[in-house]
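Let's take a friendly walk through this fold, strand by strand and then along a helix. Have the viewer open as you read.

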Amino acid sequence: MPREIPTHLWVSALLRRASLSGAFATIAHKGDEDRGDVVVKVTSERGKARLYAPAFNPEGPTEFERLAVETEAEADELVGKRRKMDRDLWVIEIEDREGRHFLVEPVRG
């Protein structure tokens, strides 16, 4: 999330992009309104999932990275661990047949 934009506005834009494209997106966990980080879980078929989280980039714009998970259970486990470490974390879940993440930021991996 670009730091000049409050997280709740960034999340609203992501949800809107997904909705306008015919996907279902929801806030699974709401974090800090202004400064919380966001993880995005994308499911495209039963039991399969991909997870995206902000990547460390101290010198440039926000980037995301695809984390090493393949199943929904693995994604949920990793999200649970991250939520324990970061109470301000937002968790967005997107269901899309094409597996799109709807992020406009660059994505690694």
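**Sheet and helix**

Strand 2 and strand 3 (residues 49–55) are antiparallel partners, joined over four bridges. Strands here are DSSP E runs of at least two residues and helices H or I runs of at least four, numbered from the N terminus; two strands pair if DSSP finds at least two bridges between them. This is a predicted model, where local features need pLDDT of at least 70 and side-chain atom pairs count only at pLDDT 80 or more, while totals for chains, interfaces and linings use all residues. Residues are numbered from 1 along each chain as its sequence is written, and side-chain values use heavy atoms, without hydrogens and water.

Within this pair, T43 of strand 2 has A49 of strand 3 as its bridge partner. T43 is buried, at a relative accessible area of 11% (buried is under 20%, exposed over 50%, partly exposed in between, with a 1.4 Å probe and protein chains only).

Zooming out, the open sheet has six strands in the order 1-5-2-3-4-6, with mixed pairing. Strand 1 and strand 6 (107–108) are at the edges with a single partner strand each, so one side of each has no neighbour in the sheet.

Now to the helix. Buried residues of helix 1 are T7, W10, V11, L14 and A18. Down the helix axis they fall within an arc of 100°, so they line one face (the arc is taken from directions between the axis and the C-beta atoms). On the other side, R16 and L20 are exposed. Cover for the buried residues includes strand 1 (24–29), strand 2 (38–43), strand 4 (63–67) and strand 5 (90–95), contact meaning heavy atoms within 4.5 Å.
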